[in-house]
Amino acid sequence: MSVENFTMLGAADIASAVRAGDASPTEMVRASFNRARDIGAGHDELNIFLHSDQEASEHEAKSMQERLQSAADIGILAGVPVAVKDNIATLGLPTTCGSKILAGYVSPYEATAITRLRANGALVVAKTNMDEFAMGSSTENSAFGPTRNPHDVRCVPGGSSGGSAAAVAAGITPIALGSETGGSVRQPAAFCGVVGVKPTYGRVSRYGLVAFASSLDQIGVVGRTVDDAALGLESIAGFDKMDSTSSDAEVPVYRLSALGKPAPEVGAPDTEAMRIGRNPVALPPPPSAKTLEGIVIGKPREYFPDTLDTNIKDLCERALDRFRSMGATVRDISLPRSPLAIPVYYILAPAEASSNLARFDGVRYGLRVDSGKGLKAMYESTRSQGFGPEVTRRILLGTYVLSAGYYDAYYKKAQAVRTLIADDFRAVFTSGVNAIFTPTTPTPAFPVGAISDPYEMYLNDIFTVTANLAGVPAISVPIGRMRRLPVGGQVITAHFDEYTMFRVAYALEASLGQEAHQ
Amino acid sequence: MSRERYEMVVGLEMHVQLKTRTKAFCGCSTDFGAPPNVNTCPTCLALPGALPVLNERAVELGTRAALGLGCTINPTSVFARKNYFYPDLPKGYQISQFDQPLASGGSVLIGRTEKGADIKIGITRLHMEEDAGKSIHDRYPGATAIDLNRAGVPLIEIVSEPDIRSSADAGAYLRTLKQILQYLDVSDVSMEEGSLRVDANISVWPPGQTKLGTKTEVKYMNSFSAVERALEAELERQCALIDSVEQKREATTTVIFPSPIFGRCCWNRSGSTTHTRIFPSSRMREKRVSLRSSESHRAKWNS
C-alpha cells in the first residue's frame with residue numbers, strides 16, 4: 001500500500017494496512033493534511049475546516065504507533081483520519097457549531113460517538129464547517145463563511161454537514177461524521193457525490209451532539225464508498241447509558257469489507273481530479289451475480305412528481321433498472337402524507353430548537369455582550385449578536401408556536417401529522433416492501449448565493465425530511481451526474497434495518513460502478 | 001368591611017427535595033454545603049451536547065411519597081420543559097411535569113372538628129421536577145454570583161386542593177405533611193438547607209360562595225410561620241382591595257384589577273404565562289412506573 005494512493009483508499013484499506021504494519025498512523029495523518037493543503041481546503045478556498053491542529057494529530061498518531069508496536073489491537077478504524085462536524089463535542093479541538101456565539105469554545109468532555117471512534121483507532125484530524133447550529137441546506141449559514149463544493153467551487157456543498165461531505169469528496173478523509181435533523185447528511189452527500197447515512201433514531205448516541213431538535217437529531221456518517229459509511233456507522237452505533245433515547249438493539253456487522261472481500265485495485269492518483277469534477281473514489285468491482293434476489297423495492301409516487309427534473313428522474317430509473325436486473329422486484333407504492341413533511345418539520349424543529357438553544361445565554365460560556373445595562377439587556381445583545389439570521393428566524397418561529405394559545409394549533413397538530421407520516425412508512429414496510437428508493441434531492445448543487453428565499457431553501461429537504469420525522473434509516477448513494485454535478489439516490493428501510501439498507505446500497509454502488517460518477 | 005365577611009381560600013404547593021445521593025438527571029452529588037459549583041458536570045451545567053438521564057431512585061422516592069399521601073400513581077407520566085430565562089437556570093428551562101404528573105389524587109388528615117369530623121386537605125397532584133441553582137446577590141458588590149450545586153437536585157411538588165380556610169389550618173397541613181415525608185424517609189425536609197419550600201395560592205370569598213376569587217401567588221417561603229404570616233397579610237390586603245374597589249365602583253365605575261403578583265414577598269421568576277412555554281421533553285422517554293413496582297413500594301411501606 002502506498003500513501004501516494006491516499007485519496008483513493010477506503011477506511012478498511014487504511015485500517016488493515018495500519019494493523020498489518022504496512023502503513024503508519026503518522027503517514028496517514030500527514031497524507032490527510034497534505035491532501036487538504038493540495039486541494040485548498042483552507043478558509044480562503046474551499047473553507048472545509050473550522051479547526052484542525054496537525055501537530056496535535058501527529059502526536060496522537062505517534063502514540064498510537066507506540067501502542068501498535070506493543071501489539072495492542074487498535075481497532076477497525078486503526079489509523080483512519082476522520083473529520084467531524086463542528087457540532088459534535090471533541091476534546092482538543094473547539095466545538096463552535098459554526099456560530100459566533102460559541103466562537104473559541106472548547107468542550108471539556110467528549111461525545112460518545114467520538115470516544116467510540118477513537119476507541120476503534122480513528123484519528124480526529126479536523127472539525128468541519130456547517131450551517132450555524134445545523135440550520136440550513138447549503139453551509140452558507142456558517143458564521144465563518146460558506147464551504148465550497150469540491151466538484152465545482154461556484155456551487156454549495158449542501159448542508160448542514162457541508163464541510164463533512166466536502167472533506168470526503170475532496171479526498172481528505174475517507175470518513176467524516178455529520179449530523180441530521182432533516183437531511184443534513186444525505187443532501188450534502190448527494191451534492192458532493194459521496195455516500196451519506198442517517199441511521200435509525202436511537203441507533204447512535206446523541207450524547208455530545210449539540211442539540212437542535214432532539215426528537216429528530218441523529219449523528220450520521222459520510223463515506224467515500226458505502227463500505228466507508230458502513231464501517232463508520234458500525235464503529236459508533238449502539239446503546240449508551242448517557243443517552244436515554246439510544247437503543248440497546250444489537251448492532252450487526254454492516255461492512256462488506258468484513259467479509260474478507262479483497263481491497264479493490266486502484267489506479268494512479270489524480271490530485272486534480274476533484275477540481276475538474278472527476279471522482280477519485282476507488283469502487284468495488286461490479287458483482288458477477290444477482291445480489292438482490294427476493295428484495296422488494298418500493299417506488300413511492302409522491303417522491304417522483306411530474307415536476308421532478310427529468311435528468312434526476314432518468315438517473316433514478318436507471319438505478320431502479322439495476323435493482324431489477326439484480327433480481328429485486330420494484331413495486332409502485334404510496335406514502336400519502338409525505339407532502340406534509342416540510343410544514344410539519346418547520347413547526348417541530350424550530351419549536352425544539354427554541355428551547356434547546358436557550359442555554360446560549362452568555363452566562364456560563366461562549367459569547368457575552370454586556371454593556372452594563374442589566375441582565376435583560378445582556379441576554380438580548382448576546383443572543384442577537386451571537387446568532388445569525390437563520391437561527392434567529394427559527395428561534396422566533398419556535399417560540400411563537402410554543403406560546404400559550406398557539407401550542408394546540410401548531411405544535412400539537414404537527415405532532416399528530418408526524419405520527420401519520422410515520423404510519424405511512426410502517427404500512428409500507430409491513431406490506432412486504434424491504435426498501436424504498438427515491439431521489440435524495442430535487443436538484444443537484446446550486447450556485448453559492450442562488451437561493452435567498454428561506455422557504456425555497458427548505459424545499460431542498462423535501463425528499464429527506466420524512467425519514468427524520470419517521471425515525472427510519474436512510475442512505476444517499478451517488479447515482480450519476482447532471483450538468484457534471486453529482487446526483488444522489490436514497491434508500492430508506494424500516495427501523496433498525498440498516499443491514500438491508502446497506503445491502504441495497506452496496507448492490508447499487510457495485511452495479512453502477514464508475515457510471516455513478518459520470 | 002369585607003374583613004369580617006370574607007374568609008381565605010388557600011391551596012399550597014410544597015416543593016420537597018428528595019433524599020437521593022445524586023441529582024435528578026446526572027451523577028453529581030446532592031451534598032449540602034460544598035464549595036460553589038463543585039457538584040456540577042456537563043449535564044447540570046447545560047454544556048452544549050450534554051443530555052439528562054433520569055435518576056431511578058428519585059422516581060422510587062417520589063412514588064413512595066405519593067403512596068404515603070394516598071395518591072394514585074399514573075402508569076405513564078411525562079417530563080416536560082418549562083422554558084424561561086434566568087441566570088441560575090442553566091438550560092433555559094426547568095424539567096418538570098405538567099399534563100401527566102407522577103401521581104394524582106390523595107389527601108392529608110390534619111385534625112378533627114369539635115364535632116369529631118375529619119378535616120382533610122385534598123392533594124391534587126404530586127409531580128417530579130428539578131431545582132434551579134442559586135443566585136447570590138449580596139456577596140459581590142454590583143454583581144450576582146451563581147452557584148449551580150443545587151441545579152438539577154430532584155424535587156417533588158405536592159399540590160393541595162384549595163381546601164384550606166385559615167392560616168392555622170395551613171400550618172397544620174404543612175406540619176402534618178412534613179411528618180409524613182419524614183416518616184417515609186423520602187426527604188430530610190430541612191428548611192435550613194433549602195430542602196423544603198412553599199408557594200401559596202390565596203384568594204378570598206364570603207363563606208358559602210362557590211366561585212373562586214382572583215388569586216395571588218406567594219412564592220418561595222421557607223418556613224411554616226412565614227406561610228402563616230403571609231396568608232394573614234394577604235387576607236388583609238385582598239379584603240382592603242375589595243373595599244377600595246367597591247368604594248370606587250360606587251363613585252366612578254372604574255374597576256381596578258388586583259395584580260396577580262404579590263410584590264412584597266416575591267417576584268415571579270418565570271414571567272407571565274405568555275412567556276413561559278411548555279412542551280414535552282423528547283429527551284426523556286416517557287416514564288412508565290409499572291404497577292408492579294408501585295405495588296412493591298406499597299407492600300414495603302405497609303409492612
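Tutor: Let us begin with a term: two residues are in contact when heavy atoms lie within 4.5 Å. By that rule, 38 residues of chain A and 30 residues of chain B take part in the contact. The model is a predicted one, in which local features need pLDDT of at least 70 and side-chain atom pairs count only at pLDDT 80 or more, while totals for chains, interfaces and linings use all residues. Residues are numbered from 1 along each chain as its sequence is written, chains are lettered from A in the order in which they are written, and side-chain values use heavy atoms, with hydrogens and water left out.

The size of an interface is often given as the accessible area lost when the parts come together. Buried area is the accessible area (1.4 Å probe) that two parts lose on being put together, summed over both. Chain A and chain B bury about 2900 Å² between them, and 57% of this is on carbon and sulfur atoms. Between the two chains there are 15 residue pairs in polar contact, both residues being at pLDDT 80 or more. A polar contact is a pair of N or O atoms within 3.5 Å; within protein, one must be able to donate a hydrogen and the other to accept it, and residues adjacent in sequence count only if both atoms are side-chain atoms.

On the side of chain A that touches chain B, the elements giving two or more residues are α9 (341–356), α10 (375–386) and α11 (389–402) of chain A. Helices (H or I, at least four residues) and strands (E, at least two) are DSSP runs, numbered from the N terminus. The most comes from α9(A), with four residues. By class, this side of chain A has 21 nonpolar, ten polar and seven charged residues. Here Ala, Val, Leu, Ile, Met, Phe, Trp, Tyr, Cys and Pro count as nonpolar, Asp, Glu, Lys and Arg as charged, and the others, Gly among them, as polar.

A salt bridge is a side-chain nitrogen of Lys or Arg within 4 Å of a carboxyl oxygen of Asp or Glu. Between chain A and chain B the count is zero, whereas over all chains it comes to 32 salt bridges. R206(A) and D243(A) form a salt bridge through their side chains (3.7 Å, N to O). R206(A) lies in the loop between β5 (195–198) and β6 (218–223) of chain A, and D243(A) in the loop between α7 (226–236) and β7 (296–300) of chain A, so the pair ties together parts 37 residues apart in sequence.

Chain A also holds an open sheet of eleven strands with mixed pairing; two strands pair if DSSP finds at least two bridges between them. Its edge strands, each pairing on one side only, are β1 (49–52) and β8 (329–333) of chain A.
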